[in-house]
Structures are given as structure tokens and as C-alpha cells.
Number of protein chains: 2
Amino acid sequence: MKRILHIALAFVLILVFGDLAMSQGPDPLPSWNNGKAKQSIINFVAKVTKQGSPDFVPPAERVATFDNDGTLWSEQPMYFQFLFAFDRVKALASEHPEWKGKEPFASVLKGDVKRALAGGKHAMLEIIMETHAGMTTDAFEKIVEGWIATAKHPTKKRPYTAMVYQPMLELLAHLRANGFKTFIVSGGGIEFMRPWVERIYGIPPEQVVGSSIKTKFEMRDGKPVLVRLPEVNFFNDKDGKPIGIHTQIGRRPIAAFGNSDGDLQMLQWTTAGPGPRFALYVHHTDSKREWAYDRDSNIGRLDKGLNEARAKGWTVVDMKQDWKVIYPHGKR
Amino acid sequence: MKRILHIALAFVLILVFGDLAMSQGPDPLPSWNNGKAKQSIINFVAKVTKQGSPDFVPPAERVATFDNDGTLWSEQPMYFQFLFAFDRVKALASEHPEWKGKEPFASVLKGDVKRALAGGKHAMLEIIMETHAGMTTDAFEKIVEGWIATAKHPTKKRPYTAMVYQPMLELLAHLRANGFKTFIVSGGGIEFMRPWVERIYGIPPEQVVGSSIKTKFEMRDGKPVLVRLPEVNFFNDKDGKPIGIHTQIGRRPIAAFGNSDGDLQMLQWTTAGPGPRFALYVHHTDSKREWAYDRDSNIGRLDKGLNEARAKGWTVVDMKQDWKVIYPHGKR
């Protein structure tokens, strides 16, 4: 009986493997135009997965880290988490009548984002803390889930989760199909990402590294809760990215993907290890289908990173030239 | 040709599956005596993995967290990381002639541990910072690897990695064989554990949550390094455990394993979630083969936790009664 089961199982596996061979098709990156960028990805993955090759990397060490804002989804006219925070200010305004006479909240409520941000980082931090702290972690998760399910981008009029990059989704899938473990390493809030990135990117919560605020363990009616405090715990940007990678992953990536100077240290840290290494910058060059910006942008500035990428021969993706589509489902 | 390959593959798979069926055998926990503790584990795993059952938990949510000291390996006469720190003081003494006249270092160098620790937490923290900070993360990893490969326990005369609990190794393997992702959540230093826990427990670095000191990103001769600073970053004990779990894993465990009051909040946090939950305390009751201690111990005190375990019906492992062997290879 056991032998019959095994043979049956074997036939099932033949069918499955046959199907996979067909469905995988010849091109794992169909939304990428043929060119240097695409070829460099294909070559790197082939090289490190080839058994017996001097460049072979065991699966456990195939760690790939991705920035989020501007690398996996758009980030204009400003980081989507800021737009979330503005929406929260509006939603909470009735509980805070004092905000009408208090900046930066007054300007947010009037829809004058420019004036609200005139206070710089300090003003933004104030808005973040008022909208991201004070509740339990469970409550915050529900707030994010509710927002991401309904909110739309101010000019593209799409849900934010429809503003992820189709070519990067294919890249994530291609890496995972080749034994890579894919991580997000973002300056964005770790708890702003976790509620939706598993569904959208296939990246589970434990593979998300990001900025965080402090939390406090408390017993409420005999039940433990974690309360979010208005205090920065860790800022996972620039120098913080290698530190966040080291603390949370504990293993140096062999491939890293970013789009701004905020990712430069992550790419430096990744490429400084021994053996084959891969670094890629997404360069925002498509003013029609997405946005075009680099050295002078306040959001996602790519200046030093672009110089270093050229000097070191890192892959630079020209979004306009290299990507057939930007967003999923062929919508541009 | 492809079909031939598929058939060959199928036969290989038959062999592999046949082997697995034999090697797995009827008992996944052979070092556990039959009893309530063992049965509670078997039942829980069977329940959450049974397709179609109301208690079924999808694999992605099968997160199990394990304390390390006293839960996966011994912790007497004191945490092994402290013994590592004392060994480091001796190894570094020639570079620090001033230590001969300075407590707590002078007492450590004389072998008078009791007197060295008379300064309490402050003294221990001073020793930790002198021995764990100041070098790069790469250098510290090599120091830990060198020590763990050669050092022996003062009374048991075994390598520390031979003082892990065989029954817990079987439990880790049983959980993983059933789709669980196993994590360490320890008060010990994250970088003291990562160099060896993958080899010993099968737990990769990215699944280790622990205490940490701050690090700093620096360029040295054009190469990025992370330098360990003598400053606490996070203390992953008691209240810190649910916070560490939330920050690093981002998902509430469905099963948690500990041995002391330092694990109580982790067990509370784990069992407070919806659906089936499992909490287990290892109770150190074996003065002959290991050590017997609980309510009055300075190391690994189990007092409030034992009360709560009894009140809530958590599993309590009686090491003397429940475990056939303590350490691997039948050596006791």
C-alpha cells in the first residue's frame, strides 16, 4: 500500500514539475526591456545559484534587501506614509479642537500641505507622533489596514497598493524562486508597512526592517497590550540601514536594491562583503508614467549614490528605458 | 529527454520520502518520557496542523519563540555569556594593566567571581561593556566563534554547545517538521548567540531576538564597518520580550517556551492572542543530571511564572521526571 502511495505521489510531482516548467516560461522578468539592467540581474542570479561554480552561494546566505519608498512603490509628491499621517490628522480633528489654532495641524486641516511642512522635520515629527502613537499596536494595525484599503493617491487616483512597481514584483518573485530570502529595509515605519506588504510583495512581517517608535508593555483588564509611545526608537535610514540589517537580520545581504542617497550605506555595506555581490539603483527618469527626479529632489534624492553607482559599476535602472510598464495590470 | 529526467526525479523522491517515513519513526520526541508534558506538545502540534479543523493555523502564522538560557541550554552557575565575559577579561588583561587595581576586574583576574559580582548589576554591565564593545561586529563574531569552539564549562567540563537540552532539540525539530518557524527570544546578547545557534539549534541569525548594544557605521580605509559601542540598545527581558517580538518578528507567536519569570510576559503575550495557544515552562528539578532551582534562584528565578502556569494550565516540564536524557549523545 505504501509503495502504491509513493508511486501515486511521484506522478503528482511529475505533473507539478511539468506545470512549473511551463508556467515559468523563458522570461522571469517580462516587464523588463532587454538591456544591461535586466541582463545584470539574470546573470547574477544564475551565477550564485549554479552548483559547483566558484560564485555559488548557499541558499541560507541568499539575503536580498529592498528599500520600499521609490524602490518598490512610488514616493511622490511625498512619502505615502506622510499622506497617511495627513489623512489621520483630518480623521482625528474632531477630537482635537485645539488643532484649528495650532501649527502644523491648522495648515494640514486647511489642505495647505506646503505651509504645514514649512516647519521642516520638527513639524513632520510632531504630526507623525500625534497620528502614530498613543494607541495599542493592535489598534494601529487596524488603522493602517483601513486606510490602505480605501485611500487613493491625490493625482494618480489609484489605491496606493496599485502604485507598486510591476517590474520589481517580478524581480522579488524571481529572487525567491531562486532560493533568496527577500527583506524590506526601509526608512518608513515598520508598523506602517507590515499590515499590507505580505499580501502585496509576498514579504512576511518578520522580513520587514524599518523605522520604529518605542512601545510599552501594559496589562489592561488582565490582558497584555503594547502601547505606542511618541518617542523615536530607531531611524532606519542612511547609516541606520546597515545597523538595522545587522540588528534584525544578522547576516550581510548579497544583493541590495534602492533608489536614493538614503540607501547608499546599505549598498556599500552589501557590496563590501566577500564573494559575489549585487547592488542596484532605481533611477526615476519617467516623468510621464511616473515621476522624474534625482539630484535636486527633496524626496528620494539620488546624488552621491548615482556617482558611486557609476564609479563602482552598480546596476542603474532607467525606469523610462528599462521598464515596459510601471504599475501592475498594464495600467500606466 | 525532459520526461526521462522527470521520471528519474520521481524515483529519487520516492527514495527520499521512503527514507523520511522510516527515519521519522512513530515518536518525534524520543527523549521525552510519556506523560502530560509530552502529550500536551504532541496534541497542540496535531491540532493546529490538521487541515479543516477549527484549530487549524496557516503555516505562516506558526511562530514559536524560545528563551535560550535555561530553556535551550543550561545557565548555572551563571549565564554562560557571563563566563564568556570573565574569560575575555583574562584574555585582555595584558592590554589593561590598570585592571589589577580596579574592581570588578581585579577580582575576576584573581578568580574571585563572587567578589567581582558583589558590585551587582553595575559591575556586571561594566564587565560586559569592556569585553563586548569597542571592536567591529565582524571582529566580535570571530571572538565568540573562537570561544565557543574551545571553552569548557567549569564543573561539567563539557563544551557549552554540548550543554543544550536534547529533548528541546527534538521539540524544535518536531515544530519545524510541522511548518513552524522557530525563533530564539533571549535576554542574552543577540551577537553572542548568532555565531553558533544556526549550527546547534537550526535557527538562522534572522530568527534570533536578543539584547543588544548600539553600533555605529564607519568607513575605515574605504570599507564600511559597524563598530560596537559601550551603550545598551535594548534589553530583551521581561517586559522587553513582547516588545522585542513585536519589533523584530511583527507577529504574535502561537507557542512560547521559557523557564523563568523573565519569560512570563512573553508567555502572557503569546497566550493572549485568539485561537489555539501554547505556553510551556521548563522547571529545573534535576539536581543530579543538571541543577535544581526555582523560586529562590538569582539566575533563572521561576516564582510568579510557576504560579501563573499552574493557575492557567500551562505545560510545566519536570526535567527530572519528563526527560530521559538532558544533554545530547546520551551523556548525562
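Modeller: Start at Q76(B), in the loop between β1 (63-66) and α3 (80-92) of chain B. Keep in mind that this is a predicted model. Q76(B) counts as buried because its relative accessible area is 9%, and the cut-off is under 20%. Setting aside residues within four places in sequence, Q76(B) is in contact with H153(B), W291(B), Y293(B), S297(B) and I299(B). For a sense of scale, take A123(B), 47 residues from Q76(B) along the chain. The C-alpha atoms of Q76(B) and A123(B) are 19 Å apart.

Is D67(B) buried or exposed? With a relative accessible area of 5%, D67(B) is buried. Its side chain has two polar partners to look at. One is the side chain of T71(B), at 2.8 Å. Another is the side chain of K241(B), at 2.9 Å from that of D67(B). Beyond four places in sequence, the contacts of D67(B) include L72(B), V185(B), S186(B) and G187(B). F257(B), G258(B), N259(B), D263(B) and M266(B) are also among them.

K241(B) is one of the buried residues of α10(B). This helix spans residues 240-248 of chain B and is mostly covered, with 8 of its 9 residues buried. The buried set also includes G240(B), P242(B), I243(B) and G244(B). I245(B), H246(B) and Q248(B) belong to it too. After α10(B) comes G250(B), with a positive phi near 75 degrees.

Another loop of chain B is worth a stop. S31(B) sits between α1 (2-24) and α2 (36-49). S31(B) counts as buried because its relative accessibility is 9%. A polar contact of 2.5 Å joins the side chains of S31(B) and E170(B). Not counting residues up to four places away in sequence, S31(B) also touches Q166(B), P167(B), D322(B), W323(B), K324(B) and V325(B).

Next, the other chain. Chain B can be laid on chain A with an RMSD of 0.0 Å, by a turn of 180 degrees and a shift of 0.0 Å along the axis. That is why the relation is one of a two-fold axis. The same surface serves both copies, and 100% of the contact residues of chain B recur in chain A.

Then the nonpolar interior. In soluble globular proteins, nonpolar side chains tend to be buried together. The largest nonpolar core here has 68 residues. Within it, M168(A), Y201(A) and F257(A) touch the most other members.

Leaving aside residues within four places in sequence, its contacts include N68(A), L72(A), W73(A), V164(A) and L169(A). L172(A), R176(A), I184(A) and W196(A) are also in contact with Y201(A). Ring pairs link Y201(A) into a cluster with W73(A), F80(A), F84(A), F140(A), W147(A), Y160(A), F192(A) and W196(A).

F140(A) also meets a charge. The charged end of R228(A) sits over its ring, 4.0 Å from the centre. In chain B, R228(B) lies over the face of F140(B), at 4.0 Å from the ring centre.

Across all chains, the whole structure holds 38 aromatic pairs. One of them, W99(A) with F105(A), is stacked, at 4.6 Å centre to centre and 5 degrees between the planes. W99(A) and F105(A) are both buried.

Methods:
Residues numbered from 1 in each chain as written. Chains lettered and ligands numbered in written order. Predicted model: local features only at pLDDT ≥ 70, side-chain atom pairs only at ≥ 80, totals over all residues. Heavy atoms only, no water. Least-squares fit on C-alpha atoms with pLDDT ≥ 70 in both. Contact = heavy atoms within 4.5 Å. Core = buried A, V, L, I, M, F, W, Y, C linked by side-chain atoms within 4.5 Å. Buried < 20%, exposed > 50% of the residue type's maximum accessible area, 1.4 Å probe, protein only. Phe/Tyr/Trp six-rings, centres within 6.5 Å; stacked < 30°, edge-to-face > 60°. Lys NZ or Arg CZ within 6 Å of the ring centre and 35° of its normal. Helix = DSSP H or I, 4+ residues; strand = E, 2+ residues; numbered from the N terminus. Polar contact = N/O pair within 3.5 Å; in protein donor to acceptor, adjacent residues only side chain to side chain.
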